[in-house]
Amino acid sequence: MVGKGNPWVISGFLLVVFLLAWHLFTLRPSFDPRGMTEEQLQLMEFNGDIVRTEDGSYVWNPEKEKVKGVPGPLAVLNKALTELGEAFVKKGTNDHGIGYLVLYTVSRFAGGFLAASVAAIVLGVVLGLNRVLFQAINPYIQILKPISPLAWMPLLLYTVKDPKWTAVLVVFMASLWPTLATTAFGVNSLKKEYLHVAAILQLSWFKRLFKVILPGAAPTIVNGLRISFGSALVAVVPAEMLLGELGVGYLSWIEWNNLDIAGVIFAILVVGVVGVILDSGFNKLAGSVTYQE
Amino acid sequence: MKNKRKKGTYPETVATHPQQTLSSGEHFEQTVGRSVVEAVLRAAGPSRRQFLAGLGVAALTALINEVLPLDKIAAFAADPVGKPEKKDLSIGFIPITCATPIIMAEPLGFYKKYGLNATVKRAAGWAMVRDWAINKEVDAAHMLTPMPLAITLGAGSLPVPFYMPAVENINGQAITLHIKHKEVKTAADMKGFRFCVPFDYSMHNYLLRYFLAEGGVHPDKDVQIRVVPPPEMVANLKAGNVNGYLAPDPFNQRAVYENVGFIYKLSKEIWDRHPCCAFTVSKEFATKYPNTFGALFRAIVDATHYASNPMHRKEIAAAIAPANYLNQPVTVLEQVLTGTYADGLGKIQKIPDRIDFDPYPWHSMAIWILTQMKRWGHLKGDVNYKAVAEQVYLAAECDKIAKELGYPTHQATMTKHTIMGRVFDPEQPEAYLKSFKIHSMA
């Protein structure tokens, strides 16, 4: 075997190197008042650049450090700890804890994805079983598939007139086409022997669907679902940003609004973590329906 | 409604001269009555119009009453408010200091004072707030003063009748330039610049265009003006993608705070006491919930006057700074609201009315905005300036409420405004419009 050693050690090592580099590149020298007049110092204090400490000397304003340039890993950690400490606090209509925001995003995502999956599988099986229909509809699927789900947003907002449902529908549009196309393909290219056996056994239509067609096409369907899953995850965050709907996308938007880059980085990390959690859950689910030949 | 009109007179001919001295009560009745009659006549076809004009005022009023709940529209400001029909309200806002009265009314208890349980909901941009308001996602909304006019006329969206009961802030914007442009003195020095404004239908856009054009710079030919959400303006300025912007605060002060820009000119130097942001509701909301609307109207007028008092500014800055509202450093908000601020050129300026708050929606302000919308091609065709202004800006009603709450009132709904030394007469909008050499009219 080539490649010995524990991969976790390498992962950890890379992380440490990255964090250290990040920390060093974002370090700033402490404030040096030499060569400045009292007037200049007062102006800097007035503008919030520096603050006077108890012993009368000046230091950079820690409040402002948060928003100046790219913050270091410690600033992000600090931000993360404060946010996680109030994960389930609602401070007002526009300020919900990160725990709630994650829940909003996940529920929005789940609603759109599940609805789209059901619709796509049903439609895909119908198209897969009927070759003529499949050939007739396929050009439309090919045209609609590459359209960015966000491109639908203005039209959806205009027609449903409700930003909450618009966000769910954007996720729906993002997850519909890959599942639909692969389901139709999977059903269509089922091994003919399976269908012959089913015909010989004189299975009923329902039995044929659930015992032969769906299990036979399952690996392809799951593959489609996985592609859908990825594109839906990509769509949900910008949809929240654009629609101003509470969620992790919204979090990154308002931190940007305040130019709080530590907050933006934290929001990005949260998006990543949510993605990993959803993805691993999905993989477990997928593992239970696929089989090895 | 008192009618002093002669039988069979075409209502537009009896329109009272607004400069004439009237009590605010009379003003109110006349404005409401006249704008409704005009609206009905406009809606009717020519033959029908003749028929209606022949009917006489009493018959006409009865007829209108059947189609429009005129008594309901009139009722909202007439009585001390009855019980609100709807108590739980949501009000959309954009996180800028212009929205101060709308926002602070929540933490400082102005909505509660008038029996409302209102919460404010932050929107990501102006198009968003417009869509929320049109789709009834919110009950009332913070908008830019040109927006209810644009929405009512269907410019940039479907036409939906909107009311603007109160102006929020006056002044309170600035032209901010990148610090590398410290040597810029006049508009002519800005040829080739790239600017941003927050929205097409905004005072920011119209004031910047006006300022540039007065300096001989054509805003559609000699410079680039693009629409960018205010928080992105600071970042764009930092990155050097744009040379400057005319924006609402705190983003002018924020550029100074970030040490990337300087305040070149306050908008009050272009037009002192110009309107900026507004409080708006749909006509449907106002007629469906007259008592709620009345209570909301009072809360906003009260809060706006409260914000106008310089003694309250620090308290307000602290109240609206948290993440739930503006999500900005208190230092920046204090500098904006108190008018004692660092200008980015190494000086501390003291201009207490850098931003001020006055709810009165002068009809003449609406007419000026309409002239500029036409000037820059945002509106095409003939505009009945006065009728639109009276339909959308509820000046007389605002005065009625101010009087009731013990605040100063006005003698007229129109006045002459002076903008960069040029006098605007609201009675002569077309002549004013024609006097501009630089424009984008077809």
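In chain B, R354(B) lies over the face of Y341(B), at 4.2 Å from the ring centre. A charge is taken to sit over a ring if NZ of Lys or CZ of Arg is within 6 Å of the ring centre and within 35 degrees of the ring normal. In chain A, the charged end of K90(A) sits over the ring of Y100(A), 4.8 Å from its centre.

This is a predicted model, in which local features need pLDDT of at least 70 and side-chain atom pairs pLDDT 80 or more, while totals for chains, interfaces and linings use all residues. Residues are numbered from 1 along each chain as its sequence is written, chains are lettered from A in the order in which they are written, and side-chain values use heavy atoms, without hydrogens and water.

I turn now to aromatic pairs. Rings of Phe, Tyr and Trp (its six-membered ring) pair if their centres lie within 6.5 Å; planes under 30 degrees apart count as stacked, over 60 as edge-to-face and the rest as tilted. Over all chains, the count comes to 19 aromatic pairs. One of them is edge-to-face: F113(A) and F229(A), 5.5 Å centre to centre, with 90 degrees between the planes. F113(A) belongs to helix α5 and F229(A) to helix α10 of chain A, so the pair ties together parts that are 116 residues apart in sequence. Helices are DSSP runs (H or I, at least four residues), as are strands (E, at least two), numbered from the N terminus.
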